Amino acid sequence: MNISYNWLKDYLNFDLQPEEVAAALTSIGLETGGVEEVQTIKGGLEGLVIGEVLTCVDHPNSDHLHITTVDLGNGEPSQIVCGAPNVAAGQKVVVATIGTTLYSGEESFKIKKAKVRGVESNGMICAEDEIGLGESHDGIMVLPADAVVGTLAKDYFNIKSDFVLEVDITPNRVDATSHFGVARDLAAYLTQAGGDATLTRPSVDNFKIDSPEKVVEVIVENQEACPRYSGIVIKGVTVDASPEWLQNRLQLIGLRPINNIVDITNFILHELGQPLHAFDLNEIKGDKVIVKTLPEGTKFVTLDEVERTLDSNDLMICNAEEGMCIAGVFGGLHSGVTKKTTDIFIESAYFNPTSVRKTARRHGLNTDSSFRFERGCDPNNTLYVLKRAALLIKEIAGGQITGDIIDIYPTVIEEPKVELSLAKVNSLIGKDIPVETVRSILKSLEISILKEEEGILSLSIPTYRVDVLRDVDVIEDILRIYGYNNVEISENVKSNLSYKQASDVSYALQNLISEQLTGCGFNEILNNSLTKSAYYTDLITYPESKLVQLKNPLSNDLNVMRQTLLFGGLESVAYNINRRNSDLCLYEFGNCYSYDSEKVKPEIKLSGYAEEQRLALFVTGNMVSNNWAHADEKSSVYELKAYVENILVRLGISLRKVVFGALTDDIYSAGISIQTQAGRKLGTLGIIQKKIRKQFDIDAEVYFAELSWDQLLKEANSNKVTATEISKFPAVKRDLALLIDKSVQFSEIVKIAFDSEKKLLKDVTLFDVYEGKNLPAGKKSYAVSFFLQDENKTLNDKQIDAIMKKVQANLESKLGAQLR
């Protein structure tokens with residue numbers, strides 16, 4: 001938020017320089033990102049002077065250029081070539097001298113000495129649009145005859161300079177979203193620093209009703225969404241351009257002046273933090289202002305000329321026939337103030353923050369008003385602000401305040417009460433702060449001490465401090481004003497033993513696997529846990545019914561919590577492919593969420609919800625490309641499976657204890673399930689279905705693996721590392737060529753083999769697969785090696801043959817395998 005240095009001085013007399021103010025605000029929690037000197041006109045008209053055209057003759061080599069001599073008040077006339085049709089001798093003009101920088105929007109150019117068609121030109125006679133003083137480019141700007149030659153243009157046009165502080169307002173500090181709010185915090189800081197800080201609030205003592213006539217009736221139908229609604233009618237106003245001082249104030253903080261009425265409402269918003277809205281009284285049909293919701297699907301055109309479809313929960317400000325404004329968010333196209341407006345109704349209200357926030361998000365709007373309302377304005381400040389606005393309107397636009405102030409406030413919002421222990425203050429801050437200092441800080445923060453008894457202060461908190469509701473909130477406020485840097489760090493070191501937690505183990509292993517994958521050429525990605533529900537439509541593996549829905553989504557693209565890392569990863573894959581980076585190996589650690597209504601237990605709040613950390617791998621494109629020593633080679637699902645196996649081995653999980661089985665679901669066109677022999681699911685891998693890739697416009701095959709990191713940790717932690725001597729006796733290898741059904745997985749052969757011989761069988765590998773001619777239909781041939789070894793003696797043929805016969809018999813009986 002932009003805060004004007006000079007504007008702050010309207011409410012607080014201080015002698016700090018802009019940089020010192022920035023440092024002070026940062027020290028009390030209003031972090032100031034920068035200080036910039038600004039002018040009401042960009043560049044401040046630096047380098048421009050008032051001159052008089054002494055002579056003007058036609059350019060010999062042009063039918064539209066003129067050669068002029070201009071007196072700039074420096075004793076020597078300057079020759080300037082000018083193309084304006086209205087230039088003439090005797091005129092007083094604005095001249096940009098050599099070296100001057102002129103601005104056009106975000107672009108700029110520097111005036112240099114030049115030759116124009118052979119004639120030297122030493123500057124530029126300016127049109128009003130070229131120096132930011134208007135929009136006309138019909139000719140040069142001609143000044144009145146009494147303009148003094150040599151006067152700096154910035155002095156002649158009374159260009160104001162100021163410093164703008166870029167204050168980063170945290171979401172909880174809505175009280176500081178105005179110049180008066182920032183001045184109030186700065187005053188508290190200066191008071192504790194020993195300075196004389198008197199905060200001056202704009203007076204409304206001169207407010208009075210000019211005519212008792214009742215004009216408008218206000219009806220609040222939805223008091224939950226609108227706890228307080230205040231308003232007043234002003235008749236006979238003249239809508240025109242704002243006075244220079246008001247325009248300057250708005251321009252210096254980056255706002256564009258519109259007209260005096262609208263500018264006053266914007267000025268008040270940035271002065272006091274309370275949004276206002278001005279309605280044309282003639283557009284309030286039936287002389288009624290009704291605060292209510294409209295039926296679902298009602299069309300409403302906002303100020304930006306966009307037709308919006310209203311939700312049944314959107315609070316509207318209506319007249320007797322139709323909506324006029326989305327309450328607290330955005331005005332309507334036809335009810336606002338225009339040049340023809342003579343009578344106005346000013347609204348000053350307090351809307352429910354949640355209601356405003358939901359409406360703003362639904363319509364994708366973020367206005368200055370909604371920014372403040374959704375964070376919580378001061379419900380007890382609407383009348384003061386209304387009076388302040390009415391007095392400014394009378395002063396600038398004329399008119400008469402007609403009828404009493406309308407104020408509908410059925411349930412008064414009281415100031416929060418907090419019990420504060422002085423002992424707790426010192427305990428949390430870590431320093432004994434004198435009681436008088438605590439009292440002084442509370443007073444400077446406008447927190448009232450109702451009672452003090454046995455070290456306990458009973459406090460009343462202003463309603464504009466929506467973030468201060470507990471004693472710890474008050475202590476935080478005391479500390480920020482006292483000064484974080486004033487709390488000394490003790491020279492004594494206090495320490496305690498720290499035990500390794502489960503999260504520490506997870507983090508260490510995460511780093512281990514990350515290093516391994518990075519070494520294999522993978523890049524880590526990190527996607528949002530929020531995603532869109534449309535990805536899960538019609539899925540069986542991740543049903544839409546198990547999504548964790550957001551009650552208050554930022555948008556329809558971020559309206560649920562992800563059930564899987566798949567879709568965020570595919571977004572990353574598509575993003576890279578669209579930027580000609582198609583050979584990808586990506587991995588992501590992230591949490592996934594689900595909801596199961598069958599597991600809900602009323603006595604346990606979150607019983608239906610589950611959260612699980614997972615590891616996802618994505619491989620697509622070429623494994624090798626553009627390599628002189630190796631032909632291009634596409635990635636494959638087997639490559640992905642190897643990466644997964646390496647992860648399991650690196651975690652200490654024996655592949656002998658892992659079962660890879662066939663998987664058929666709506667995620668993979670060909671998939672593999674990964675589980676322990678005890679049936680615990682570790683994850684899945686496979687080739688992503690084409691219909692899923694099509695949602696992301698991905699044509700290439702994508703190989704995807706998703707592992708349950710939580711389950712992998714359990715398996716890794718249960719693994720016991722033991723050391724054994726390397727056998728002194730040789731291993732024996734026997735090969736079998738097996739004819740089996742195509743549906744049989746190699747993992748089944750491995751399991752049967754190890755079940756047949758648990759002690760001497762050390763490994764089973766597949767070294768050839770054949771499918772094709774000379775084989776019966778539905779059959780395939782596997783060539784499998786079996787490795788046998790005894791740690792205590794050399795195996796003899798009799799032992800080896802017995803083991804192999806047993807393995808062969810079990811394969812024949814259980815899988816129908818035949819020797820080829």
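User: How many bridges join E29 to strand E31?
Analyst: This is a predicted model. In it, E29 and strand E31 (residues 560-561) run antiparallel. Threonine 531 stands opposite valine 560 in E31. The number of bridges joining E29 to E31 is two.

User: Which strands stand at the edges of the open sheet of three strands?
Analyst: The order in this open sheet is E29-E31-E30, with antiparallel pairing. An edge strand here has a single partner strand, so one side of it is left without a neighbour in the sheet.

User: Which residue in E27 is the bridge partner of leucine 420?
Analyst: Start with strand E25 (residues 417-421), where Val418 and Leu420 form the covered face. The uncovered face has Lys417, Glu419 and Ser421. E25 pairs with strand E27 (residues 456-460) in the antiparallel sense, over five bridges. Within E27, the partner of leucine 420 is leucine 457.

User: Are H13 and H17 roughly parallel or roughly perpendicular to each other?
Analyst: Take the axes of helix H13 (residues 502-519) and helix H17 (residues 709-718): they come within 11 Å and cross at roughly 100°. Angles of 65 to 115 degrees count as roughly perpendicular. H13 and H17 are therefore roughly perpendicular.

User: How many nonpolar residues are in the contact of H13 with H17?
Analyst: H13 brings Val505, Ser506, Leu509, Gln510 and Ile513 to the contact. H17 brings Trp709, Leu713 and Asn717. Sorted by class, there are no charged residues and three polar ones, and the nonpolar residues number five.

User: How many residues apart in sequence are the parts that arginine 465 and aspartate 175 tie together?
Analyst: These two form a salt bridge, with the closest N and O atoms 3.6 Å apart. Arginine 465 sits in the loop between E27 and helix H12 (471-482). Aspartate 175 sits in the loop between strand E13 (161-167) and helix H4 (179-192). The pair therefore ties together parts whose separation in sequence is 290 residues.

User: Is arginine 465 buried or exposed?
Analyst: Buried means under 20% relative accessible area. Arginine 465 has 3%. Its salt-bridge partner, aspartate 175, has 7% and is buried. Arginine 465, by its own value, is buried.

User: Where does lysine 339 lie?
Analyst: The side chains of lysine 339 and aspartate 240 meet in a salt bridge, at 3.7 Å from N to O. Aspartate 240 lies in the loop between strand E15 (228-235) and helix H5 (244-252), and the pair ties together parts that are 99 residues apart in sequence. Lysine 339 lies in the loop between strand E22 (330-331) and strand E23 (343-350).

User: What is the relative accessible area of lysine 339?
Analyst: Exposed means over 50%. Aspartate 240 is partly exposed, at 41%. Lysine 339 is exposed, and its relative accessible area is 65%.

Technical notes:
Residues numbered from 1 in each chain as written. Predicted model: local features only at pLDDT ≥ 70, side-chain atom pairs only at ≥ 80, totals over all residues. Heavy atoms only, no water. Axes fitted to C-alpha atoms, helices over the stretch in contact; angles between N-to-C directions. Helix = DSSP H or I, 4+ residues; strand = E, 2+ residues; numbered from the N terminus. Parallel < 35°, antiparallel > 145°, perpendicular 65-115°, else oblique. Contact = heavy atoms within 4.5 Å. Nonpolar A, V, L, I, M, F, W, Y, C, P; charged D, E, K, R; others polar. Buried < 20%, exposed > 50% of the residue type's maximum accessible area, 1.4 Å probe, protein only. Pairing = 2+ DSSP bridges. Salt bridge = Lys/Arg side-chain N within 4 Å of Asp/Glu carboxyl O.
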